[in-house]
Amino acid sequence: MCGIAGIITKKHLQVVENKMQIANEVQSHRGPDNAEFSTFKRGYWNVGLCHQRLSIIDISNNANQPMYYGDKGVIIFNGELYNYQQIKKELESYGYSFNTDSDTEVLLIALHHWGIENALKKFNGMWSFAWFNFEENILYLSRDRLGVKPLYYFIDENTNTLYFSSEMKTILSMSDL
């Protein structure tokens, strides 16, 4: 039952790093196998993404998250794509190669290849994810059609900050509400 959390803000990058450490602590029970975060600057905005991992499909460290696809984007993902092997075969037919056996990498490359709208139509499973597309400079948040995997968000209009997470208590802890 992995966990994801993130923030987009104009606050200093050190503040973002501190918020990601808080998120990893609050959600530590969601992923006993690994917990990592990544922070970066995009224009005027500072971004933090963190992931607590419960390894199921690919238990190697190569499948840890946040997972980057070169300089094209980064993803944090909670859930499972049931049809990831079929999607992977289709992407391989287009010339893509994979470094892991994880559904996360298939998800990330599918989003890059088909774009968010067309890729979502192909997915069969349960998920919540945050994908930052560096080429478009856009963060996409998505949850499965039935809402099996939780994804909460809060926009603090006073600080122009977006918080999102697998758990509401994580948002409350990050946002000091």
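1. Which residue in strand 9 is the bridge partner of Asp 156? It is Thr 161. Strand 8 and strand 9 (residues 161-165) run antiparallel and are joined by five bridges. Strands are DSSP runs of E, at least two residues, and helices are runs of H or I, at least four, numbered from the N terminus.

2. A word on the source. This is a predicted model: local features need pLDDT of at least 70, side-chain atom pairs count only at pLDDT 80 or more, and totals for chains, interfaces and linings use all residues. Residues are numbered from 1 along each chain as its sequence is written, and side-chain values use heavy atoms, without hydrogens and water.

3. The open sheet has five strands in the order 2-3-1-9-8, with antiparallel pairing (strands pair if DSSP finds at least two bridges between them). Strand 2 (34-42) and strand 8 (152-156) are the edges; each has a single partner strand, so one side of each lacks a neighbour in the sheet.

4. Helix 1 (residues 13-26) packs on this sheet and touches strand 1 (3-9), strand 2 and strand 3 (45-53). Contact means heavy atoms within 4.5 Å.

5. Four salt bridges are found in the whole structure (a side-chain nitrogen of Lys or Arg within 4 Å of a carboxyl oxygen of Asp or Glu). Glu 167 pairs with Arg 30, with the closest N and O atoms 3.0 Å apart. These two residues lie 137 residues apart in the chain. Both are buried (under 20% relative accessible area; exposed is over 50%, partly exposed in between; 1.4 Å probe, protein chains only).

6. Lys 169 also meets Glu 167 in a salt bridge (3.8 Å, N to O). Lys 169 is partly exposed at 45%. Arg 30, Glu 167 and Lys 169 form a linked network of salt bridges.

Conventions: Axes fitted to C-alpha atoms, helices over the stretch in contact; angles between N-to-C directions.
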